[in-house]
Amino acid sequence: MDISEVAKASGLPASTLRFYEEKGLIRSNGRNGLRRSFSANVIERLALISLGRSAGFSLDEIAEMFTSDGPDINRVLLSAKADELDRTIEELTAMRDGLRHAAVCKAPSHFECPKFLRLLRIAGKNRFRQPNKLKENKPKRGMQKI
């Protein structure tokens, strides 16, 4: 498949495909004139990249999942990412509920409303987030593979 076919099939612009190739996430298998060509399984690999990005993995974390033998996905890392998503969902749920309450709150000022003040604390906490704990606690390659 040439790069335009991959772009059309994946929904990604050619510039993203070239960037992914530069990062080592995908590999072209040659050129057809001036256009890069890829094997058909690149679509599957791009879907895995998309899934990883949607789950919040960085491109560097995703790149480490690919080996010459195929994907090498660490189950401990997946579990840690799921835990991180649970925390994010809880925070976003609290924020959503706080916004809904603030929209109908009868307090003379939002700063007199305990739920709105809680929402401010959540927003302040998110502004000063700690570095990604997954990188710090990342298990060594080869442990707990899928």
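Which residues lie nearest the centre of the largest pocket? They are Leu25, Arg27, Ser39, Asn41 and Arg45, and they belong to a lining of 18 residues.

The model described here is predicted, so that local features need pLDDT of at least 70 and side-chain atom pairs count only at pLDDT 80 or more, while totals for chains, interfaces and linings use all residues. Residues are numbered from 1 along each chain as its sequence is written, and side-chain values use heavy atoms, with hydrogens and water left out.

**Overall build**

The protein has seven helices and four strands, which follow the pattern α-α-β-β-α-α-β-β-α-α-α when read along the sequence. Helices (H or I, at least four residues) and strands (E, at least two) are DSSP runs numbered from the N terminus. Of the 146 residues in the protein, 27% are buried, where buried stands for under 20% relative accessible area, exposed for over 50% and partly exposed for values in between, with a 1.4 Å probe and protein chains only. Among contacts (heavy atoms within 4.5 Å) between residues at least 6 apart in sequence, 56% join residues at least 24 apart.

**The largest pocket**

A pocket is an open set of points on a 1 Å grid over the protein atoms alone, where a 1.4 Å probe fits, with protein on both sides within 12 Å along at least five of seven lines, and its lining residues have an atom within 4 Å of a point. The largest pocket holds about 410 Å³ of space, a volume being the space filled by probe spheres set on the points, which are joined across faces, edges and corners.

By class, the lining has six nonpolar, eight polar and four charged residues; Ala, Val, Leu, Ile, Met, Phe, Trp, Tyr, Cys and Pro count as nonpolar, Asp, Glu, Lys and Arg as charged, and the others, Gly among them, as polar.
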